[in-house]
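Trainee: Please show me how to read a protein model feature by feature.

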Amino acid sequence: MPPTLASLVHHSALRLTVRAGEDRLDVPVRWAHVSELADPVPYMEGGELLLITALKLDAEDPQAMRRYVKRLVGAGVVGLGFAVGVNYEQIPRALVEAAEQEGLPLLEVPRRTPFLAISKAVSAAIAADQYRAVTAGFAAQRELTRQTLTAGPEGLLAALAAQVDGWAALYDASGAVVAAAPEWAHRRAARLTPEVQRLRERPAPASSVVGGPDDDDRIELHSLGAGRRPRAALAVGTASAPGTAERYAVHSAIALLTLTTERSRSLHAAEQRIGAAVLRMLLAGEPDHARTVAGDLYGGLLDAPFRVIVAESVSGANPLGGLAEEAEAAAARSGEAVLAVPEGERLVVLAADRGAVVAACTAHAAVLEQARSMPEQGAEHQDGLVVGLSAPSGPIAAAAAYKQAEQALSVARRRGRVLVEHERLAAGSVLPLLADDAVRAFADGLLCALREHDATGRGDLVASLRAWLSRHGQWDAAAADLGVHRHTLRYRMRRVEEILGRSLDDPDVRMELWLALKATSQE
């Protein structure tokens, strides 16, 4: 520990005597400074033991001493050493009373003890404390390295928690807790996920100090990773600010975890290359070769029903990285296998049907969908992400599943949605698909002549056509809906055929006209 006033008083060679402030001798001393100025405060930084002979002070003036001592205390001076036998044979009573009143420790320095000896004692104690801290830091670094090599990140966290007398936790890229030590700290660390996510928004390396869930906690958060975007985060919880030795331990842990993260990143890049090869084989209709290449890495995924997710970035931003991190984090937490392959402006993901990865991706899309609907937050989340999700499939039908995902992606882009599931398209109505500019242009062109006829006031052919088609060509029912005679309706339908040059007996013509009427009614 650093030198204190108490350690200097107990230093046998200095022979210091306490004259005031006996109850405040345990305060650390940052330095010993000699000054005979009437006002040395501008030259103080706080934490000093000030040494004086009162050469320029009226030490017997009570008011002057109260002002002098009060300014020293305000500047953070922790103690005052007064040399007797130089200008005063003993410490003046006015100074003693002022020191007692302000609670400033006052030490009597005998004539035979030079100020230089006190300065040397303080300097030597500070150097010894720093040496102990550095030595302890190197020992902590060796222990953390050993634990990392033998027990992985979990062992490192346990060793770090013991070094700082607190707790430590490791988070993945999404802010979820990967490991924590001691075991009880896992729940406490999980409450900090929002803080970790905010830290990820800052360029690495980044750190912050936050108030913990408990009043006694002081928590430091540090980003991990060598790239601009953090790959993970470390939380260290302590009862107070870490000392020098503890700081060495924390910095060593950050370095070791960063190396581990970057190594994992290299392995991840290799896995992605294998995944790309597996995906190409599946889409080429070679599931057996794909299984052989995948081996144990993706083999379990290819033996069960999976879904294909195709995501695309349609703006200058790159939202695919966030979706990939969500998928990989969910796979890590659940133990699922996942195949995620970047393809330029696209990301292709193969994940187990009804698994955690598919759930995480749909939840991520739902959050973005909700943010887009909120004007005050839309600008922040306008990342241009569109996602298509296939129906459950297997290796043999992987190409068909990929096509399904692409179709769903196309619909999502056209509708301005973040995610569309292919199964929902098959189970829903075709009418929303008519909300397309090309379809509406076709409908307007097909019905244009009929509307021009109606605009002259010579009849209501469009309404009559809609009523007749809705009644499947039943004359009496359609005429009743319109409130006209069936012969009038027959005449109008003949006029429709004449104007369009098409026969209403043709089912294709009736289908096109009905869809045109529905498309224009969507406006």
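**Reading the features**

Mentor: Let us begin with R413, which counts as partly exposed because its relative accessibility is 39%. The scale is this: buried means under 20% relative accessible area, exposed over 50%, and partly exposed in between, with a 1.4 Å probe and protein chains only. Keep in mind that this is a predicted model, in which local features need pLDDT of at least 70 and side-chain atom pairs count only at pLDDT 80 or more, while totals for chains, interfaces and linings use all residues. Residues are numbered from 1 along each chain as its sequence is written, and side-chain values use heavy atoms, with hydrogens and water left out.

Trainee: In which element is R413 found?

Mentor: Helices (H or I, at least four residues) and strands (E, at least two) are DSSP runs, numbered from the N terminus. R413 belongs to helix α12, residues 398–415. In sequence R413 is 26 residues from V387, yet the two are 8.4 Å apart in space, C-alpha to C-alpha.

Trainee: Which residues are linked with R413 in a network of salt bridges?

Mentor: A salt bridge is a side-chain nitrogen of Lys or Arg within 4 Å of a carboxyl oxygen of Asp or Glu. By that rule, R413 joins E312, R346 and E406 in a network.

Trainee: How many salt bridges does the structure hold?

Mentor: There are 20 salt bridges. One of them is between the side chains of E108 and R19, at 2.8 Å from N to O. This pair links distant parts of the chain, with E108 in strand β5 (residues 106–109) and R19 in strand β1, 89 residues apart. E108 counts as buried because its relative accessibility is 18%, whereas R19 is partly exposed because its relative accessible area is 35%.

Trainee: Which elements does the salt bridge between E102 and K70 link?

Mentor: Here the side chains meet at 3.8 Å, N to O. E102 is in helix α3 (residues 93–102) and K70 in helix α2 (residues 62–74), so the bridge links distant parts of the chain, 32 residues apart.

Trainee: Where do D129 and R132 lie?

Mentor: Both are in helix α4 (residues 115–164), three residues apart, which is about one turn of the helix. D129 counts as buried because its relative accessibility is 18%, and R132 is partly exposed because its relative accessible area is 44%.

Trainee: Now rings, please. How many aromatic pairs does the structure hold?

Mentor: Rings of Phe, Tyr and Trp (its six-membered ring) pair if their centres lie within 6.5 Å; planes under 30 degrees apart count as stacked, over 60 as edge-to-face and the rest as tilted. This structure has two aromatic pairs. F82 and Y88 make a tilted pair, with 6.1 Å centre to centre and 55° between the planes. Both F82 and Y88 are buried. W468 and W475 also form a tilted pair, at 5.5 Å centre to centre and 40° between the planes. W468 is buried because its relative accessibility is 8%, whereas W475 is partly exposed because its relative accessible area is 22%.

Trainee: What should I look for in the backbone?

Mentor: Most residues other than glycine have a negative phi, and most peptide bonds are trans. That gives you two kinds of exception to look for.

Trainee: Which peptide bond is cis?

Mentor: The bond from A181 to P182 is cis, with omega near -10°. P182 sits in the loop between β7 (177–181) and α5 (185–190).
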